[in-house]
Amino acid sequence: ACGLRRARQHKKADRMEQKEMGFHQRVRQGYLRIAKAEPRRFKRIKIKENDRVSFVHDKIKKVVSNVL
C-alpha cells in the first residue's frame, strides 16, 4: 500500500497502479508464498512508510550487491 500511494502521488497512475487494492494484495500474497517456498531466490526488504526513497534505494543496492 505504501509503495502504491507513493507512486500515485508522484505521477499519473499507470495501468497497474489503477488496479484496486485487492488486486495488489493478492499479488503480494502470491510473491510472499513464492519467497517462503524459495528463500534463496527472494530477499525481503523491510521498510517503513516514512522511509525516504533514497534510503530504500540504498537498502536495495546493499541486498543486491551481497548476492552478485
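A salt bridge here is a side-chain nitrogen of Lys or Arg within 4 Å of a carboxyl oxygen of Asp or Glu. This is a predicted model, in which local features need pLDDT of at least 70, side-chain atom pairs count only at pLDDT 80 or more, and totals for chains, interfaces and linings use all residues. Residues are numbered from 1 along each chain as its sequence is written, and side-chain values use heavy atoms, leaving out hydrogens and water.

**View 1. Arg 41 and Glu 38 form a salt bridge.** Their side chains meet at 2.7 Å, N to O. Arg 41 is exposed at 59% relative accessible area (exposed, over 50%; buried, under 20%; partly exposed, in between; 1.4 Å probe, protein chains only). Glu 38 is partly exposed at 32%.

**View 2. Glu 20 pairs with Arg 26 in a salt bridge.** The N to O distance is 3.2 Å. Glu 20 is partly exposed, at 45%. Arg 26 is exposed, at 52%.

**View 3. Asp 58 and Lys 61 form a salt bridge within helix H3.** They sit three residues apart, about one turn of the helix (helices are DSSP runs of H or I, at least four residues, numbered from the N terminus). The N to O distance is 3.9 Å. Both are partly exposed: Asp 58 at 44%, Lys 61 at 47%.

**View 4. Asp 51 is buried and has no salt bridge.** Asp 51 lies in the loop between helix H2 (21-37) and helix H3 (53-67). Lys 59, the nearest side chain of opposite charge, is 5.1 Å away (Lys and Arg count as positive, Asp and Glu as negative; His and the chain ends are not counted). The Asp 51 side chain reaches the backbone nitrogen of Lys 48 at 2.7 Å.

How values were computed
Helices (H or I, at least four residues) and strands (E, at least two) are DSSP runs, numbered from the N terminus. A polar contact is a pair of N or O atoms within 3.5 Å; within protein, one must be able to donate a hydrogen and the other to accept it, and residues adjacent in sequence count only if both atoms are side-chain atoms.
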